[in-house]
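Please keep the sequence and the model open while reading.

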Amino acid sequence: WMVRAGRVPGRRAFILLQRSMCTVCSQLENTIKEDPGKRGIAPLCIPGDLTAAAKILAAAKLLPMCHAYHLSSCRSATSTARQMRAIVLDHHSDPNEPVDASFFRTTMVAAPAPWIDGGLVGGAEYELRLQTLALSVDPYMRCRFNEVSGAHYVSSFKVGEPITSAGIGRVVNVGPALEGQFAVGDLVVEGSMHFPWVEEATFDLTPRRNPTRAAGSGLMVHKIPPALCCITAPTGILGAVGQTGLTAFFGIERLAFRHGLTRGDVVVVSSAAGAVGSVACALARRKGCIVIGLCGSEEKVAWLMEENLCDTALNYKDARFAEMLGTTCNSKVAVYWDNVGGVISDLVIEQMAQDSLIVLCGQISTYDTDTEYPPPLRGTAAATAASRNIHRHRHLVLDYQDEFMTGINELLLAVAEGQVKPFETTLIGLETAPEAFEHVMSGRNRGKQIVLVSEFPKWVTWAHACGKFVPSWLWRYVI
(Lines give C-alpha, C1' and ligand atoms only; values in the text may rest on other atoms or scores of the structure.)
Protein backbone atom coordinates (compact mmCIF):
# COMPACT_ATOMS: atom_id res chain seq x y z
CA TRP A 1 0.00 0.00 0.00
CA MET A 2 2.78 2.40 0.74
CA VAL A 3 6.36 2.88 -0.30
CA ARG A 4 9.03 4.90 1.38
CA ALA A 5 11.48 7.19 -0.42
CA GLY A 6 15.16 7.33 0.43
CA ARG A 7 16.90 10.43 1.71
CA VAL A 8 16.04 13.45 -0.38
CA PRO A 9 18.03 16.74 -0.47
CA GLY A 10 16.14 19.54 1.23
CA ARG A 11 15.33 17.44 4.30
CA ARG A 12 12.20 15.98 2.75
CA ALA A 13 10.99 12.44 2.34
CA PHE A 14 8.06 11.82 0.06
CA ILE A 15 5.40 9.26 0.79
CA LEU A 16 3.63 7.72 -2.15
CA LEU A 17 0.11 6.62 -1.32
CA GLN A 18 -1.90 4.42 -3.64
CA ARG A 19 -4.86 6.25 -5.20
CA SER A 20 -8.40 5.80 -3.93
CA MET A 21 -7.58 4.55 -0.43
CA CYS A 22 -9.81 7.17 1.16
CA THR A 23 -10.68 10.84 0.89
CA VAL A 24 -7.51 12.10 2.54
CA CYS A 25 -5.29 9.60 0.74
CA SER A 26 -6.52 10.95 -2.57
CA GLN A 27 -5.90 14.45 -1.29
CA LEU A 28 -2.31 13.61 -0.33
CA GLU A 29 -1.63 11.79 -3.56
CA ASN A 30 -2.27 14.93 -5.56
CA THR A 31 0.00 17.05 -3.38
CA ILE A 32 3.00 14.73 -2.96
CA LYS A 33 5.81 14.79 -5.51
CA GLU A 34 6.52 11.46 -7.14
CA ASP A 35 10.08 10.64 -8.23
CA PRO A 36 10.46 6.88 -7.83
CA GLY A 37 12.89 6.43 -10.69
CA LYS A 38 15.83 8.27 -9.13
CA ARG A 39 15.58 7.40 -5.47
CA GLY A 40 15.81 3.63 -5.39
CA ILE A 41 12.51 3.33 -3.61
CA ALA A 42 11.80 0.07 -1.88
CA PRO A 43 8.35 -1.06 -0.78
CA LEU A 44 7.49 -0.92 2.89
CA CYS A 45 4.94 -3.49 3.93
CA ILE A 46 2.92 -2.32 6.90
CA PRO A 47 0.57 -4.73 8.63
CA GLY A 48 -2.73 -3.63 10.03
CA ASP A 49 -5.14 -0.96 8.94
CA LEU A 50 -4.58 2.56 7.70
CA THR A 51 -4.70 3.96 11.23
CA ALA A 52 -1.65 1.95 12.27
CA ALA A 53 0.12 2.94 9.05
CA ALA A 54 -0.54 6.60 9.70
CA LYS A 55 0.89 6.38 13.22
CA ILE A 56 4.02 4.56 12.05
CA LEU A 57 4.68 7.08 9.31
CA ALA A 58 4.08 10.02 11.63
CA ALA A 59 6.46 8.58 14.23
CA ALA A 60 9.10 8.16 11.51
CA LYS A 61 8.52 11.81 10.55
CA LEU A 62 7.60 10.71 7.05
CA LEU A 63 4.03 11.92 7.36
CA PRO A 64 2.94 15.26 8.92
CA MET A 65 1.03 14.80 12.14
CA CYS A 66 -1.93 16.74 10.77
CA HIS A 67 -2.21 14.23 7.91
CA ALA A 68 -1.81 11.35 10.33
CA TYR A 69 -4.70 12.72 12.34
CA HIS A 70 -6.96 12.87 9.31
CA LEU A 71 -5.85 9.44 8.11
CA SER A 72 -6.52 7.92 11.48
CA SER A 73 -9.99 9.44 11.50
CA CYS A 74 -10.87 7.83 8.17
CA ARG A 75 -12.84 4.61 7.90
CA SER A 76 -13.59 2.31 5.04
CA ALA A 77 -16.96 2.48 3.37
CA THR A 78 -18.06 -0.68 5.15
CA SER A 79 -17.25 0.49 8.70
CA THR A 80 -18.98 2.87 11.05
CA ALA A 81 -19.56 6.30 9.53
CA ARG A 82 -17.12 9.01 10.49
CA GLN A 83 -18.31 11.76 12.76
CA MET A 84 -17.47 15.48 12.59
CA ARG A 85 -18.32 18.56 14.61
CA ALA A 86 -20.97 21.03 13.50
CA ILE A 87 -22.40 24.25 14.92
CA VAL A 88 -26.19 24.13 14.56
CA LEU A 89 -29.07 26.41 15.50
CA ASP A 90 -30.49 25.40 18.88
CA HIS A 91 -33.68 27.49 18.69
CA HIS A 92 -35.05 30.56 16.96
CA SER A 93 -34.82 33.94 18.62
CA ASP A 94 -37.39 36.57 19.35
CA PRO A 95 -36.75 39.61 17.13
CA ASN A 96 -36.51 41.79 20.24
CA GLU A 97 -33.86 39.79 22.10
CA PRO A 98 -30.10 39.65 21.56
CA VAL A 99 -28.55 36.47 20.19
CA ASP A 100 -25.88 34.95 22.41
CA ALA A 101 -24.05 31.63 22.67
CA SER A 102 -27.18 29.85 23.94
CA PHE A 103 -28.66 29.94 20.42
CA PHE A 104 -25.79 27.79 19.11
CA ARG A 105 -25.20 24.12 19.77
CA THR A 106 -22.07 22.11 19.01
CA THR A 107 -22.95 18.59 17.96
CA MET A 108 -21.53 15.59 16.14
CA VAL A 109 -22.93 14.75 12.73
CA ALA A 110 -22.11 12.11 10.13
CA ALA A 111 -19.21 13.11 7.91
CA PRO A 112 -19.39 12.40 4.17
CA ALA A 113 -18.52 8.80 3.34
CA PRO A 114 -15.14 8.33 1.65
CA TRP A 115 -14.74 7.48 -2.02
CA ILE A 116 -13.35 4.02 -2.64
CA ASP A 117 -11.53 2.87 -5.79
CA GLY A 118 -12.78 5.81 -7.82
CA GLY A 119 -16.42 5.02 -7.01
CA LEU A 120 -18.88 7.26 -5.25
CA VAL A 121 -20.12 6.20 -1.84
CA GLY A 122 -23.11 8.38 -1.13
CA GLY A 123 -21.66 10.97 -3.49
CA ALA A 124 -22.76 12.58 -6.74
CA GLU A 125 -21.29 13.39 -10.11
CA TYR A 126 -21.20 17.12 -9.37
CA GLU A 127 -20.21 16.83 -5.72
CA LEU A 128 -17.39 18.91 -4.27
CA ARG A 129 -16.07 18.14 -0.78
CA LEU A 130 -14.04 20.61 1.20
CA GLN A 131 -12.09 20.60 4.43
CA THR A 132 -13.28 23.74 6.18
CA LEU A 133 -10.46 26.23 6.71
CA ALA A 134 -12.08 29.56 7.60
CA LEU A 135 -15.53 31.01 8.19
CA SER A 136 -16.86 34.54 7.92
CA VAL A 137 -18.94 36.04 10.74
CA ASP A 138 -21.05 39.11 9.93
CA PRO A 139 -23.78 41.31 11.48
CA TYR A 140 -26.27 40.57 8.67
CA MET A 141 -26.58 37.05 10.11
CA ARG A 142 -28.61 38.36 13.04
CA CYS A 143 -31.91 38.37 11.13
CA ARG A 144 -31.40 34.72 10.16
CA PHE A 145 -31.83 33.65 13.78
CA ASN A 146 -35.45 34.82 13.68
CA GLU A 147 -38.15 32.44 12.51
CA VAL A 148 -38.69 34.81 9.57
CA SER A 149 -35.57 36.65 8.41
CA GLY A 150 -37.41 39.66 7.02
CA ALA A 151 -34.76 40.04 4.28
CA HIS A 152 -35.50 38.99 0.71
CA TYR A 153 -31.92 37.92 -0.02
CA VAL A 154 -31.38 35.53 2.91
CA SER A 155 -33.49 32.87 4.61
CA SER A 156 -33.69 31.98 8.28
CA PHE A 157 -31.52 29.27 9.79
CA LYS A 158 -33.33 26.01 10.49
CA VAL A 159 -33.38 24.52 13.98
CA GLY A 160 -31.01 21.58 14.24
CA GLU A 161 -29.21 22.39 10.99
CA PRO A 162 -25.75 23.96 10.63
CA ILE A 163 -25.34 27.72 10.69
CA THR A 164 -24.11 28.99 7.32
CA SER A 165 -22.07 31.96 6.15
CA ALA A 166 -19.33 32.62 3.63
CA GLY A 167 -16.31 30.37 4.02
CA ILE A 168 -13.10 28.94 2.58
CA GLY A 169 -12.26 25.28 2.19
CA ARG A 170 -9.62 22.98 0.73
CA VAL A 171 -10.79 20.49 -1.87
CA VAL A 172 -10.53 16.88 -0.71
CA ASN A 173 -12.73 15.24 -3.34
CA VAL A 174 -13.97 16.25 -6.77
CA GLY A 175 -16.90 14.68 -8.59
CA PRO A 176 -16.10 13.32 -12.08
CA ALA A 177 -18.05 16.11 -13.78
CA LEU A 178 -16.03 18.79 -11.98
CA GLU A 179 -12.52 17.48 -12.59
CA GLY A 180 -11.80 20.16 -15.18
CA GLN A 181 -12.83 22.96 -12.81
CA PHE A 182 -11.38 21.85 -9.47
CA ALA A 183 -8.53 19.66 -8.29
CA VAL A 184 -7.71 18.10 -4.93
CA GLY A 185 -5.79 20.66 -2.88
CA ASP A 186 -7.39 23.74 -4.46
CA LEU A 187 -8.53 26.51 -2.13
CA VAL A 188 -12.18 27.37 -2.74
CA VAL A 189 -14.40 30.18 -1.46
CA GLU A 190 -18.16 29.98 -1.13
CA GLY A 191 -19.30 33.59 -1.06
CA SER A 192 -23.09 33.38 -1.09
CA MET A 193 -23.53 32.66 2.62
CA HIS A 194 -24.13 28.91 2.19
CA PHE A 195 -20.92 27.48 3.69
CA PRO A 196 -22.01 25.29 6.63
CA TRP A 197 -20.29 25.54 9.99
CA VAL A 198 -18.93 21.99 9.89
CA GLU A 199 -15.47 20.46 9.71
CA GLU A 200 -16.00 19.06 6.22
CA ALA A 201 -18.50 20.60 3.80
CA THR A 202 -20.14 19.02 0.75
CA PHE A 203 -21.59 21.05 -2.12
CA ASP A 204 -23.80 19.88 -4.96
CA LEU A 205 -22.66 21.90 -7.97
CA THR A 206 -25.11 20.46 -10.46
CA PRO A 207 -25.67 23.17 -13.12
CA ARG A 208 -28.97 24.96 -12.79
CA ARG A 209 -31.11 26.73 -15.32
CA ASN A 210 -29.76 30.15 -14.37
CA PRO A 211 -26.66 30.52 -16.58
CA THR A 212 -25.13 33.12 -14.26
CA ARG A 213 -25.01 30.53 -11.49
CA ALA A 214 -23.01 27.73 -13.06
CA ALA A 215 -22.45 26.13 -9.68
CA GLY A 216 -25.47 25.03 -7.76
CA SER A 217 -28.69 26.64 -6.66
CA GLY A 218 -27.76 30.03 -5.25
CA LEU A 219 -24.15 28.95 -4.66
CA MET A 220 -21.16 31.07 -5.61
CA VAL A 221 -18.25 28.62 -5.42
CA HIS A 222 -14.96 29.79 -6.90
CA LYS A 223 -11.37 28.60 -6.86
CA ILE A 224 -8.98 31.05 -5.18
CA PRO A 225 -6.09 31.85 -7.55
CA PRO A 226 -2.74 31.08 -5.90
CA ALA A 227 -1.49 34.52 -7.01
CA LEU A 228 -4.05 36.13 -4.71
CA CYS A 229 -2.21 34.67 -1.73
CA CYS A 230 0.87 36.67 -2.76
CA ILE A 231 -1.07 39.90 -2.25
CA THR A 232 -3.14 39.11 0.83
CA ALA A 233 -3.86 36.26 3.18
CA PRO A 234 -6.51 33.96 1.62
CA THR A 235 -8.99 35.04 4.29
CA GLY A 236 -8.88 38.42 2.57
CA ILE A 237 -11.33 36.95 0.04
CA LEU A 238 -13.86 36.89 2.90
CA GLY A 239 -13.02 40.47 3.87
CA ALA A 240 -11.23 43.33 2.16
CA VAL A 241 -11.13 41.74 -1.30
CA GLY A 242 -14.37 39.77 -0.98
CA GLN A 243 -18.01 40.76 -0.54
CA THR A 244 -17.14 42.87 2.49
CA GLY A 245 -14.68 44.94 0.47
CA LEU A 246 -16.99 44.95 -2.54
CA THR A 247 -19.76 46.43 -0.38
CA ALA A 248 -17.49 49.35 0.49
CA PHE A 249 -16.09 49.62 -3.05
CA PHE A 250 -19.43 49.90 -4.85
CA GLY A 251 -20.84 52.15 -2.15
CA ILE A 252 -17.99 54.64 -2.54
CA GLU A 253 -17.13 54.24 -6.24
CA ARG A 254 -20.60 53.76 -7.68
CA LEU A 255 -23.06 55.39 -5.31
CA ALA A 256 -21.11 58.21 -3.69
CA PHE A 257 -19.05 59.45 -6.64
CA ARG A 258 -21.88 59.11 -9.12
CA HIS A 259 -23.98 61.15 -6.74
CA GLY A 260 -21.41 63.95 -6.92
CA LEU A 261 -18.83 63.24 -4.23
CA THR A 262 -15.54 64.95 -5.11
CA ARG A 263 -12.04 65.27 -3.74
CA GLY A 264 -12.01 67.30 -0.51
CA ASP A 265 -15.62 66.52 0.44
CA VAL A 266 -16.45 65.33 3.95
CA VAL A 267 -17.41 61.66 4.41
CA VAL A 268 -18.64 60.33 7.75
CA VAL A 269 -18.44 56.56 8.35
CA SER A 270 -20.14 54.96 11.35
CA SER A 271 -18.78 51.68 12.74
CA ALA A 272 -15.54 52.79 11.13
CA ALA A 273 -13.47 50.09 12.83
CA GLY A 274 -15.68 47.29 11.51
CA ALA A 275 -15.25 45.08 8.47
CA VAL A 276 -17.05 47.25 5.91
CA GLY A 277 -16.45 50.57 7.67
CA SER A 278 -12.66 50.25 7.74
CA VAL A 279 -12.54 49.55 3.99
CA ALA A 280 -14.99 52.38 3.25
CA CYS A 281 -12.74 54.77 5.20
CA ALA A 282 -9.67 53.63 3.27
CA LEU A 283 -11.36 53.92 -0.12
CA ALA A 284 -12.73 57.39 0.63
CA ARG A 285 -9.29 58.60 1.73
CA ARG A 286 -7.83 57.01 -1.40
CA LYS A 287 -10.08 59.34 -3.41
CA GLY A 288 -8.91 62.40 -1.48
CA CYS A 289 -11.96 62.86 0.74
CA ILE A 290 -11.88 64.08 4.33
CA VAL A 291 -12.97 61.08 6.40
CA ILE A 292 -14.50 61.25 9.87
CA GLY A 293 -14.80 57.83 11.50
CA LEU A 294 -17.22 57.02 14.31
CA CYS A 295 -16.60 54.15 16.71
CA GLY A 296 -17.50 52.98 20.22
CA SER A 297 -14.31 53.26 22.31
CA GLU A 298 -11.21 55.35 22.83
CA GLU A 299 -9.10 52.32 21.93
CA LYS A 300 -10.74 52.18 18.52
CA VAL A 301 -10.31 55.93 18.09
CA ALA A 302 -6.58 55.50 18.67
CA TRP A 303 -6.47 52.49 16.34
CA LEU A 304 -8.25 54.31 13.49
CA MET A 305 -5.82 57.22 13.73
CA GLU A 306 -2.79 54.96 14.10
CA GLU A 307 -3.74 53.01 10.96
CA ASN A 308 -4.35 56.27 9.10
CA LEU A 309 -7.90 55.28 8.20
CA CYS A 310 -9.47 58.61 9.14
CA ASP A 311 -8.62 62.28 9.30
CA THR A 312 -10.62 62.45 12.53
CA ALA A 313 -12.08 59.69 14.71
CA LEU A 314 -14.81 60.24 17.31
CA ASN A 315 -16.12 58.03 20.10
CA TYR A 316 -19.92 58.13 20.00
CA LYS A 317 -20.04 57.02 23.65
CA ASP A 318 -18.26 60.20 24.72
CA ALA A 319 -20.59 62.58 26.60
CA ARG A 320 -19.41 65.39 24.32
CA PHE A 321 -20.00 63.46 21.10
CA ALA A 322 -22.78 65.67 19.70
CA GLU A 323 -20.72 68.80 20.36
CA MET A 324 -17.55 67.31 18.83
CA LEU A 325 -19.46 66.07 15.80
CA GLY A 326 -20.93 69.53 15.16
CA THR A 327 -17.55 71.21 15.50
CA THR A 328 -15.84 68.72 13.22
CA CYS A 329 -18.50 68.49 10.50
CA ASN A 330 -19.99 72.01 10.57
CA SER A 331 -22.95 70.91 8.42
CA LYS A 332 -20.67 70.01 5.51
CA VAL A 333 -21.12 66.24 5.35
CA ALA A 334 -21.45 65.22 1.69
CA VAL A 335 -21.81 61.46 2.27
CA TYR A 336 -22.79 59.56 5.40
CA TRP A 337 -21.98 55.84 5.37
CA ASP A 338 -24.60 54.52 7.77
CA ASN A 339 -23.79 51.20 9.43
CA VAL A 340 -25.62 51.73 12.71
CA GLY A 341 -28.81 53.83 12.51
CA GLY A 342 -30.54 55.08 15.64
CA VAL A 343 -29.55 58.19 17.61
CA ILE A 344 -26.04 58.31 16.14
CA SER A 345 -27.42 58.57 12.62
CA ASP A 346 -29.91 61.24 13.69
CA LEU A 347 -27.04 63.37 14.98
CA VAL A 348 -25.03 62.92 11.78
CA ILE A 349 -28.01 63.83 9.59
CA GLU A 350 -28.17 67.18 11.39
CA GLN A 351 -24.66 67.87 10.08
CA MET A 352 -25.33 66.95 6.44
CA ALA A 353 -25.13 69.40 3.56
CA GLN A 354 -27.73 70.26 0.93
CA ASP A 355 -28.30 67.48 -1.65
CA SER A 356 -26.05 65.09 0.28
CA LEU A 357 -26.24 61.29 0.34
CA ILE A 358 -26.81 58.62 2.98
CA VAL A 359 -25.46 55.20 1.98
CA LEU A 360 -27.65 52.90 4.05
CA CYS A 361 -25.39 49.86 4.51
CA GLY A 362 -26.59 48.52 7.87
CA GLN A 363 -28.58 49.37 10.99
CA ILE A 364 -26.95 47.29 13.69
CA SER A 365 -28.56 49.34 16.47
CA THR A 366 -31.96 47.97 15.38
CA TYR A 367 -31.02 44.33 14.71
CA ASP A 368 -32.30 43.18 18.10
CA THR A 369 -35.64 44.93 17.66
CA ASP A 370 -38.76 44.11 15.67
CA THR A 371 -38.29 47.08 13.34
CA GLU A 372 -38.85 47.21 9.61
CA TYR A 373 -35.74 47.51 7.44
CA PRO A 374 -34.73 50.06 6.51
CA PRO A 375 -36.31 51.90 9.43
CA PRO A 376 -37.92 55.19 8.38
CA LEU A 377 -36.44 58.46 9.58
CA ARG A 378 -38.48 60.19 12.25
CA GLY A 379 -38.76 63.55 13.98
CA THR A 380 -36.00 66.10 13.45
CA ALA A 381 -33.93 63.75 11.28
CA ALA A 382 -36.82 63.27 8.84
CA ALA A 383 -37.48 67.02 8.70
CA THR A 384 -33.81 67.79 8.09
CA ALA A 385 -33.55 65.16 5.35
CA ALA A 386 -36.58 66.60 3.59
CA SER A 387 -35.55 70.26 3.88
CA ARG A 388 -32.00 69.63 2.66
CA ASN A 389 -33.00 67.15 -0.06
CA ILE A 390 -30.85 64.40 1.47
CA HIS A 391 -30.97 61.19 -0.56
CA ARG A 392 -31.11 57.94 1.43
CA HIS A 393 -30.08 54.93 -0.66
CA ARG A 394 -30.37 51.35 0.56
CA HIS A 395 -27.09 49.71 -0.46
CA LEU A 396 -26.96 45.99 -1.28
CA VAL A 397 -23.78 44.55 -2.78
CA LEU A 398 -25.69 41.77 -4.57
CA ASP A 399 -27.07 44.44 -6.93
CA TYR A 400 -23.58 44.62 -8.48
CA GLN A 401 -22.88 40.94 -9.15
CA ASP A 402 -22.08 41.57 -12.81
CA GLU A 403 -19.24 43.87 -11.73
CA PHE A 404 -17.74 41.72 -8.98
CA MET A 405 -14.56 40.82 -10.87
CA THR A 406 -13.90 44.46 -11.72
CA GLY A 407 -14.32 45.39 -8.08
CA ILE A 408 -12.11 42.54 -6.83
CA ASN A 409 -9.31 43.55 -9.21
CA GLU A 410 -9.52 47.15 -8.01
CA LEU A 411 -9.45 46.05 -4.39
CA LEU A 412 -6.49 43.72 -4.99
CA LEU A 413 -4.60 46.61 -6.57
CA ALA A 414 -5.45 48.88 -3.64
CA VAL A 415 -4.23 46.23 -1.18
CA ALA A 416 -1.05 45.59 -3.19
CA GLU A 417 -0.28 49.32 -3.20
CA GLY A 418 -0.93 49.62 0.54
CA GLN A 419 -3.96 51.90 0.17
CA VAL A 420 -6.34 49.33 1.69
CA LYS A 421 -5.34 47.05 4.55
CA PRO A 422 -7.24 43.78 5.15
CA PHE A 423 -7.71 44.06 8.91
CA GLU A 424 -8.97 40.92 10.64
CA THR A 425 -9.90 39.68 14.10
CA THR A 426 -9.40 35.92 14.24
CA LEU A 427 -10.61 33.27 16.67
CA ILE A 428 -9.23 29.75 16.31
CA GLY A 429 -11.33 26.60 16.33
CA LEU A 430 -14.84 25.80 15.11
CA GLU A 431 -16.06 25.87 18.69
CA THR A 432 -15.24 29.62 18.91
CA ALA A 433 -17.74 30.57 16.17
CA PRO A 434 -20.56 31.49 18.62
CA GLU A 435 -18.14 33.71 20.55
CA ALA A 436 -17.09 35.33 17.27
CA PHE A 437 -20.71 36.20 16.54
CA GLU A 438 -21.04 37.82 19.96
CA HIS A 439 -17.88 39.83 19.19
CA VAL A 440 -19.44 41.18 16.02
CA MET A 441 -22.75 42.11 17.60
CA SER A 442 -21.06 43.85 20.55
CA GLY A 443 -18.41 45.63 18.47
CA ARG A 444 -15.41 43.78 19.91
CA ASN A 445 -13.89 43.07 16.50
CA ARG A 446 -11.59 45.27 14.46
CA GLY A 447 -11.95 44.71 10.74
CA LYS A 448 -13.31 41.40 9.52
CA GLN A 449 -14.25 38.73 12.07
CA ILE A 450 -12.83 35.36 10.99
CA VAL A 451 -13.01 31.90 12.55
CA LEU A 452 -10.00 29.78 11.60
CA VAL A 453 -11.19 26.16 11.64
CA SER A 454 -8.12 24.41 10.18
CA GLU A 455 -4.64 25.49 9.18
CA PHE A 456 -4.04 26.64 5.64
CA PRO A 457 -1.44 24.75 3.57
CA LYS A 458 2.13 25.90 4.13
CA TRP A 459 2.49 27.12 0.56
CA VAL A 460 -0.04 29.85 1.34
CA THR A 461 2.25 31.30 4.02
CA TRP A 462 5.25 31.07 1.70
CA ALA A 463 3.37 32.75 -1.16
CA HIS A 464 2.25 35.60 1.09
CA ALA A 465 5.79 36.07 2.42
CA CYS A 466 7.27 36.11 -1.08
CA GLY A 467 4.63 38.56 -2.31
CA LYS A 468 5.87 41.18 0.14
CA PHE A 469 9.11 41.45 -1.86
CA VAL A 470 7.27 42.34 -5.07
CA PRO A 471 7.34 46.14 -5.72
CA SER A 472 3.84 47.60 -5.36
CA TRP A 473 3.97 49.28 -8.78
CA LEU A 474 4.54 45.92 -10.46
CA TRP A 475 1.17 44.60 -9.34
CA ARG A 476 -0.55 47.15 -11.57
CA TYR A 477 0.74 45.20 -14.57
CA VAL A 478 -0.05 41.81 -13.07
CA ILE A 479 -3.59 42.22 -11.75
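Helix H8 (residues 298–306) lies across S12 and S13, running at about 170° to S13. Helices (H or I, at least four residues) and strands (E, at least two) are DSSP runs, numbered from the N terminus, and angles run from 0 to 180 degrees between N-to-C directions, with axes fitted as lines to C-alpha atoms, for helices over the stretch in contact. The model is predicted, so local features need pLDDT of at least 70 and side-chain atom pairs count only at pLDDT 80 or more, whereas totals for chains, interfaces and linings use all residues. Residues are numbered from 1 along each chain as its sequence is written, and side-chain values use heavy atoms, with hydrogens and water left out.

Helix H10 (residues 342–349) also packs on the sheet, where it touches strand S11 (266–269), S12, strand S14 (333–338) and strand S15 (352–360), contact meaning heavy atoms within 4.5 Å; the direction of H10 makes about 170° with that of S14. The sheet itself is open and has six strands in the order S13-S12-S11-S14-S15-S16, with parallel pairing; two strands pair if DSSP finds at least two bridges between them. Strand S13 (312–315) and strand S16 (391–394) are the edge strands, each pairing on one side only, and the twist averages 15° from one strand to the next. Strand S12 (residues 290–295) is joined to S13 by four bridges, and Gly293 stands opposite Ala313 in S13.

Elsewhere, helix H6 (residues 243–259) packs against helix H12 (residues 404–416) at an angle of about 95°, with their axes 10 Å apart. That makes H6 roughly perpendicular to H12, a term for angles of 65 to 115 degrees. Among the residues that meet there are Phe249 and Phe250 in H6, and Ile408 and Leu411 in H12.

A search of the whole structure finds 13 salt bridges, each a side-chain nitrogen of Lys or Arg within 4 Å of a carboxyl oxygen of Asp or Glu. The table lists some of them.

| Pair | N to O distance |
|---|---|
| Glu431 and Arg85 | 2.8 Å |
| Lys448 and Asp138 | 2.3 Å |
| Arg285 and Asp311 | 3.1 Å |

Lys448 lies in strand S18 (residues 448–452) and Asp138 in the loop between strand S6 (127–137) and strand S7 (164–174), so the pair ties together parts that are 310 residues apart in sequence. Both Lys448 and Asp138 are buried, that is, under 20% relative accessible area with a 1.4 Å probe and protein chains only, while exposed means over 50% and partly exposed lies in between. Arg285, at 27% relative accessibility, counts as partly exposed, and Asp311 is partly exposed at 32%.

Technical notes
Parallel < 35°, antiparallel > 145°, perpendicular 65-115°, else oblique.
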